[in-house]
Amino acid sequence: MKEKTHFNDEERKQYWKVRRHFSGLFFCIVFPFFFVFLIVLHFMQKYNILQSLEQSTFLFSITLGILCLLLAFGTSFFLMNMIFRPLETLNKASLQVARGDYSVRLSYDGKVEEIENTIQNFNFMIQELNSVEMMRNDFIANISHEFKTPLASITGYATLLQDTDLSEEERQAYIHKLFLNVEKLNDLTQNILTLSRLENQSTLPAPVFFRLDEQIREAIVVLEPKWSKKDTVLNIDLEEIQYTGQKLLLFHVWQNVIGNAIKFTEQGGRVDVSLNRTDGKLFVQISDDGIGMDEQTQAHIFEKFYQGDTSRRSHGNGLGLAMCKEILKRCEGSISVKSKPGKGSVFTIQLSEDE
């Protein structure tokens with residue numbers, strides 16, 4: 001180890017206890033071989049195999065015993081410093097991590113490859129745990145914020161509705177806004193649950209055989225209230241394709257991406273949806289002539305709770321595209337975006353036919 005390890009009295013006692021136990025074990029192994037060696041020498045002398053063993057046998061035995069003693073201590077010292085000390089340091093570091101300290105890092109200068117790999121894996125594990133902890137803290141903070149806003153609105157409108165002097169028009173307006181916030185809260189909860197299942201579920205349901213083009217059309221029909229309200233012009237060009245995959249999960253993708261295209265176009269805008277097969281790959285392209293995005297927004301658009309256009313925060317929760325990316329990752333697909341401010345956006349989704 002590069003950094004010197006400091007042991008307290010208890011740890012030092014434990015260190016020497018382990019060392020004594022190892023030395024004792026080593027003696028138990030070495031001395032039987034030593035006596036076997038003497039017996040072999042005796043028979044070699046008895047049958048005139050080794051003529052030179054006379055008075056020198058006792059001296060030779062003492063010398064061999066001293067060498068065994070030195071070898072036992074030397075080996076124990078070597079193993080304690082090369083193996084037991086790094087393991088003890090690793091044990092202390094593991095206790096720190098168990099207490100929530102993810103700043104621990106270890107280094108190793110020894111020549112034992114297995115210990116070196118263990119130290120490297122330990123450092124990698126701590127790095128990943130630290131990243132997960134940071135993501136968890138950010139996730140909790142974002143969830144708290146996202147839940148707080150609609151709950152505050154619901155509380156506010158519910159309080160206003162208690163006013164007996166409200167006109168019927170005002171009452172209906174408050175009820176409408178209250179239900180909008182309830183719907184937003186419901187969507188947020190559903191997206192969080194779906195995303196959590198995707199990230200923690202090790203296996204997916206069995207793939208289903210279905211018409212991919214028909215599913216995309218179904219998603220467009222479900223979104224009809226949105227594009228009808230904005231008089232959005234839809235240009236649909238879908239190749240007839242049979243597909244085997246995660247039908248329910250992919251429906252979330254089409255709803256979110258096409259829904260975003262409609263949301264970010266102006267009144268009377270245009271949204272194009274196409275599906276085609278190229279070189280064994282399936283490509284779904286969804287483009288719009290809406291407000292577009294700058295490079296910074298494109299770099300973060302698939303992150304949880306990120307919303308580039310703050311003026312439309314009331315219409316979303318920043319989880320839709322993050323969920324789409326996770327779904328496509330689990331389906332061995334991908335999603336990418338190209339966009340320019342004021343020029344619209346083009347989302348390209350790629351799927352493999354042999355999922």
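Lys329 is exposed, with a relative accessible area of 61%; exposed means over 50% relative accessible area, buried under 20%, and partly exposed in between (1.4 Å probe, protein chains only). The model is predicted, so local features need pLDDT of at least 70 and side-chain atom pairs count only at pLDDT 80 or more, while totals for chains, interfaces and linings use all residues. Residues are numbered from 1 along each chain as its sequence is written, and side-chain values use heavy atoms, with hydrogens and water left out.

Lys329 lies in helix 9. Helices (H or I, at least four residues) and strands (E, at least two) are DSSP runs, numbered from the N terminus. Helix 9 covers residues 320–330, and eight of its 11 residues are buried; among them are Leu321, Met323 and Ile327. After helix 9 comes Glu332, which has a positive phi near 60°.

The largest nonpolar core has 38 residues, and Ile216 and Trp254 have the most contacts inside it. Such a core is a set of buried Ala, Val, Leu, Ile, Met, Phe, Trp, Tyr and Cys residues joined through side-chain atoms within 4.5 Å.

A second, separate core of 10 residues includes Val104 and Phe122.

Trp254 touches residues including Ile216, Val284 and Leu351, leaving aside residues up to four places away in sequence; contact means heavy atoms within 4.5 Å.
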